[in-house]
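Keep the viewer open as you read, and take the points in order.

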Amino acid sequence: MRLRLAALAMLALSGAPQPARAEALVSMLSTNAVEITSNYTGTEIAIFGAIERDASTVSRGAPYQMVITVKGPSVPLVVREKEKAGIIWMNSDQRKFGEVPGFYAVLSSGPLDDIIDPDTQRKFQIGAQAITSSLEGFSDDLPVTTEPRTSATVFERALLRLRREQGFYKLDPAAVIFERANTFRAQVPLPANAPLGRYEVTAHLFSGGVLLAKEKSGFYVRKIGFEAATAAAARNRPFLYGLAAAGMALLIGWLASVIFRRD
Amino acid sequence: MQIYLPIAELPVDMFLVLGMGVAVGFISGMFGIGGGFLMTPLLIFVGIPSAVAVATQAAQIAASSTASAFSYWRKKALDGKLALILICSGIIGTIIGVWTFNALRRAGQLELSINISYVTLMGLIGSFMLFESLRAMSRTRRGRVALKRKPGNHGWYQKLPWRMRFPRSRIYVSVIPIAVLGIFIGFTGSILGIGGGFIIIPALIYLFRVPTSVVVGTSTLQLLFTMVVTTVLHAVTNGSVDIVLALILIVGGVLGGQFGARAGQNLKGEQFRLLLALLVLSVGLRFAVELVATPEERFSIRVLESRQ
């Protein structure tokens, strides 16, 4: 970590002289690929960064604020609601969400609403807007509205709530820590069953509610080795894979009958 | 110790799953049933996606039934001819079942119909067995000998055409009701993700008067073939057989199965039926509670399988 920070500081210092423009952001991830092996139980991604500025950069009245979004690959979801029909409970209504981020975290250096106003949040697709465009906030205590209980909002709220409980959606206003005035770091836990694929990390630098700089990076979550080979076999050679599974079952069953033979 | 499952795509506690395998293996070895109706809910409870749970425990049942089928084979405690007819008709039932399964899934009420079928099936079979075994036990306690098989006492269904002699089971019955039973087992098995041992055993005992000593071995042989076919079918149609999960369950299952088989041999016929009845009834009750009780969480999220 220290090495990386030092490297970032060097990068920030050695930046070529620029005209008096806004700050630039340099960020780095602790890994470019989360590799899943048999002992994988989830992981934590660290994000390091520095705010590049030189002598000609204007001084800001308000302190720097960081907002980092981590967005996982999209997954199709269905949310179902149970209702009582007679004496039994059954799924009565459902809503499909075609493309919802399978993982979504908003890490910031303070409460999101203090850094940027809701309009800006919507503009930059930060917060719940990135998941479902029609929801107002990402907080638990949603404003009491007079609008009718439309199925859309009910299902969207259920989706956000459940996915947060399961650790797939995260809003952490204390995750980004400024080590010094111009360097920051953040950590985001990735649950073990987070979807596989490409994750997009976007770092936003704000000051006084204005976006100064933005930088994108990303990482992959993927299976390697035996886990990757097994999944590929199941997908590409399903018949052979099935025979192998059945064969394994028969072999162990036969072995057991030999080992435990009592007559 | 956590181990990552490559198909289920999540880590599980290896010893927990192993323990589940041993426990279900014990019960299945004891009663000669597959135990799918116990294993599937357990796997789903620890977070395994239901498709993976149903598909993978088929492999586990195949393994534990292989182990017991061999020992019944050596003891000649199975009827190969009877099993063959059940297997062949079972395949027909499986095809009809898979078709129905897909139709129900399209209608969006698969989960509900599975739960209701469990409750109905297990409630009926469990109550009947409980009632019957209690009656048999009270009869023995009153000093009377348990009712022996009366050779001439046949139900109408046994006298249908194509009667066939099954020397090992000491029965002479029409093939038609046996084939119907096989089709029914295959059908319910593919819909509910179970082997159907808890249906086939009482059916053979009460409907066809097959001796209890032959019933368990025959049911085991039938299970073995059905589950091998089911494993391959699941792998081909939905790719949800998790070979790592299967291996853990198999090892646990065959270990438990050996001890279960030993325990089962010390049981008297009525005790055997009473215990099996109570087991079937309690699982049925659990599904009934799930249907009727107010859920803690009314909403549920399911990740739709992305089909390549």
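1. Which backbone nitrogen does a side-chain oxygen of Asp242(B) reach at the start of H9(B)? Do bear in mind as you look that this is a predicted model. The nitrogen belongs to Val244(B), and the oxygen of Asp242(B) comes to within 3.1 Å of it.

2. H9 of chain B covers residues 243-265, which makes 23 residues.

3. Next, the charged pairs. Side chains of opposite charge can pair when their charged atoms come close. Over all chains, the whole structure holds ten salt bridges. The points that follow visit some of them.

4. Begin inside chain A, where Glu35(A) and Arg222(A) form a salt bridge with an N to O distance of 3.9 Å. Glu35(A) sits in strand S2 (residues 33-36) and Arg222(A) in strand S12 (residues 210-223), so this pair ties together parts of chain A that are 187 residues apart in sequence. Glu35(A) is partly exposed at 41% relative accessibility, and Arg222(A) is partly exposed too, at 39%.

5. Now look across the two chains. Glu297(B) and Arg161(A) meet in a salt bridge, 2.9 Å from N to O. On the chain B side, Glu297(B) belongs to the loop between helix H10 (269-292) and strand S5 (299-303), while its partner Arg161(A) is in helix H4 (residues 151-165) of chain A. Glu297(B) has a relative accessibility of 28% and counts as partly exposed; Arg161(A), with 32%, is also partly exposed.

6. Another pair that crosses between chains joins Lys223(A), in strand S12 of chain A, to Glu9(B), in the loop between strand S1 (2-5) and strand S2 (10-13) of chain B. The closest N and O atoms of this salt bridge are 2.9 Å apart. Is Lys223(A) buried or exposed? At 14% relative accessibility Lys223(A) counts as buried, because the cut-off for buried is under 20%. Glu9(B), in contrast, is partly exposed at 31%.

7. Some salt bridges share partners. Glu81(A), Glu83(A) and Arg298(B) are linked in this way into one network.

8. Arg209(B) is found in the loop between helix H7 (197-207) and helix H8 (212-237) of chain B, and is partly exposed with a relative accessible area of 44%.

9. Which residues make the nonpolar patch of about 560 Å²? They are Leu251(A), Trp254(A), Leu255(A), Val258(A) and Ile259(A), together with Phe70(B). Helix H6 (residues 238-259) of chain A gives the largest share of the patch, with five residues. Trp254(A) is placed in this helix H6, and is partly exposed with a relative accessible area of 40%.

Terms used
Residues numbered from 1 in each chain as written. Chains lettered and ligands numbered in written order. Predicted model: local features only at pLDDT ≥ 70, side-chain atom pairs only at ≥ 80, totals over all residues. Heavy atoms only, no water. Salt bridge = Lys/Arg side-chain N within 4 Å of Asp/Glu carboxyl O. Helix = DSSP H or I, 4+ residues; strand = E, 2+ residues; numbered from the N terminus. Buried < 20%, exposed > 50% of the residue type's maximum accessible area, 1.4 Å probe, protein only. Expected span 1.5 Å × (residues − 1). Polar contact = N/O pair within 3.5 Å; in protein donor to acceptor, adjacent residues only side chain to side chain. Patch = residues over 30% accessible without salt bridge, like charges linked within 9 Å, V, L, I, M, F, W, Y side chains within 5 Å. Areas by Shrake-Rupley, 256 points an atom, 1.4 Å probe, with all protein chains shown as cover.
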